[in-house]
Amino acid sequence: MKLFTIRLLFFCGFLILAHPCQPLASAEETPEIKDIIVTTSDTDLLLFATVKNGITQEMVEGVKNGIPIIFTYQMELVKTSSKWIDTTLIESTVTHTLTFDEANKTYRIAFSDQGDKVVTTKDITEAKQLMAELNGVKVIALSQLIPDAPYAIHFKVTLKKGSLPLGMHRLLPIPALWDFETDWRTIEFRY
């Protein structure tokens, strides 16, 4: 037990010394939403988007140490009006969760919009890409839209780090630098 305590204290001390006191991301590396596309399939309105600069090297190291990363994509579909009040048709969220499987040395990404489907990869670049891309998320059935009416999708992304096991967050100085929220982006279109 004494050996475990010494190892734990050494690990905590290493994390304190290795952790920078200032943010690593510069102004040009702030997370932002890019490449937003609204399109249709035969039956549904679909949304595609990409988050740029969403995962830093510090976050990758945190994932390897057991801290999950969760991207929450929030969207709201409204029927716009020339009057003051828009009508909200759909409000929904989609999450992508990144974890690391130490035994297999693989990254696991779970997608809430696909029934919590899990994709595994050994490549961190691929894992980051899977986390940052929203690919063809069904927003609403086309049968619920009025042809040639004006609509808008309001969209933002929030990143939160998951919690550490056994209350370790009280011992380790993992900062809130991980937490971010992009500005709302609005895409206006006519169906």
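Me: Why is Tyr107 called buried?
Reply: Tyr107 has a relative accessibility of 4%. Buried means under 20% relative accessible area, exposed means over 50%, and partly exposed lies in between (1.4 Å probe, protein chains only). The value of 4% falls under the limit, so Tyr107 counts as buried.

Me: What kind of model do these values come from?
Reply: It is a predicted model, in which local features need pLDDT of at least 70 and side-chain atom pairs count only at pLDDT 80 or more, while totals for chains, interfaces and linings use all residues. Residues are numbered from 1 along each chain as its sequence is written, and side-chain values use heavy atoms, with hydrogens and water left out.

Me: What makes Phe100 and Thr106 buried or exposed?
Reply: Phe100 is at 18% relative accessibility, so Phe100 counts as buried. Thr106 is at 11%, so Thr106 is buried as well. In the protein, buried residues make up 35% of the 191 residues.

Me: Which residues does Thr106 contact beyond its sequence neighbours?
Reply: Contact means heavy atoms within 4.5 Å. Leaving aside neighbours within four places in sequence, Thr106 is in contact with Thr99, Phe100, Asp101, Thr121 and Lys122. Thr106 itself is found in strand 5 (residues 106–111).

Me: How many helices and strands are there, and what makes a run count as one?
Reply: Helices (H or I, at least four residues) and strands (E, at least two) are DSSP runs, numbered from the N terminus. The protein has 3 helices and 10 strands.

Me: How do you know which kind of pair Tyr73 and Phe155 form?
Reply: Their centres are 6.1 Å apart and their planes stand at 20°, which makes the pair stacked. This pair links distant parts of the chain, with Tyr73 in strand 3 (residues 69–79) and Phe155 in strand 8 (residues 150–161), 82 residues apart. Both Tyr73 and Phe155 are buried.

Me: Why is the pair of Phe100 and Tyr107 called tilted?
Reply: The ring centres of Phe100 and Tyr107 are 4.9 Å apart and the planes are at 55°, so the pair is tilted.

Me: Where is Val139, and what makes it buried or exposed?
Reply: Val139 is in strand 7 (residues 133–141). Its relative accessible area is 10%, so Val139 is buried. Not counting residues up to four places away in sequence, Val139 touches Leu45, Leu46, Leu47, Met75, Leu77, Ile90 and Ile153.

Me: How do you know that strand 2 and strand 7 pair?
Reply: Two strands pair if DSSP finds at least two bridges between them. Strand 2 (residues 44–52) and strand 7 have 6 bridges, in the antiparallel sense. Within this pairing, Asp44 stands opposite Ala141 in strand 7.

How values were computed. Phe/Tyr/Trp six-rings, centres within 6.5 Å; stacked < 30°, edge-to-face > 60°.
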